[in-house]
Amino acid sequence: KGLLSRFLDQPLNYVNAPYIARERGIKVTETRSREATDYINTLTVAVDNSATASEGHFYALPEFGPLFAFDASGTPLYQLNGSTTPLGDFGDVCGAAVDSSGNVYVSDYSNHVIQKFDSSGTYLDTIGVSFSPCDVAVDTDGTIYVIHWNNAVHKLDSAGVDQGIIDSQSPKAVNVDPSSHHVYIAHDTFIREYDSSGTLVSTFGADRLATARGVDVDGSTGNV
């Protein structure tokens, strides 16, 4: 990505850089490690389970964007780079979520905002926050749970008003069960479950997880 960006005018990110390199005859060798480092070269994936016309769409968000939208078959739909927002561009984006109406939320860490778009990519709103937002989840009533990276999980109402902190023990990822409205928060080596009022329900995974960076919930079964 760093090498190609010096010679190309088009936007580059960690999703499209390997493909662009191959198109230009550059051999790409990928090296992987099981050791995670805090918040570097992240890729967030969000799936639309809204039971609307956009259900099944999914979104891939590399750090710094753009947001890539696909339909349920994997066909590309559009990209968002923040150009239609009041800021005119995405900063260091590191979280994406879809609400029960199919609207898409993008957390902009460096600009302290959450940008909201409809399922077609049309800009809807900017939610300003007093911290650097990262992973984000939205409940069926519009309640937003968003992580101040490695610091705390904030609960926001549907208008974006901060309702307080529900977990301040260095959380890494958050998601919400659309059926029970329980909130699941990933830490390095365990998961915490809270009810919708912010009361701790359970802690699990301590003997099975290491450097966890994501959590998801099956709304039909409650499996995490």
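Where is Q169 found? Let's come to that after a word about the model.

1. This is a predicted model, in which local features need pLDDT of at least 70, side-chain atom pairs count only at pLDDT 80 or more, and totals for chains, interfaces and linings use all residues. Residues are numbered from 1 along each chain as its sequence is written, and side-chain values use heavy atoms, leaving out hydrogens and water.

2. Now for Q169: the loop between strand 12 (162-167) and strand 13 (173-176) holds this residue. Strands here are DSSP runs of E, at least two residues, numbered from the N terminus. Q169 is partly exposed, at 46% relative accessible area (buried is under 20%, exposed over 50%, partly exposed in between, with a 1.4 Å probe and protein chains only).

3. Who are the partners of Q169? Setting aside neighbours within four places in sequence, Q169 is in contact (heavy atoms within 4.5 Å) with N151, H187 and R192. A152 is 17 residues from Q169 in sequence, yet their C-alpha atoms are 6.5 Å apart.

4. Finally, please check the confidence. pLDDT is the predictor's confidence in each residue, from 0 to 100; the chain's mean is 87, and 83% of residues reach 70 or more. Over residues 36-40, however, pLDDT is below 50. Where pLDDT is low, the predicted coordinates should not be read in detail.

Methods:
Helix = DSSP H or I, 4+ residues; strand = E, 2+ residues; numbered from the N terminus.
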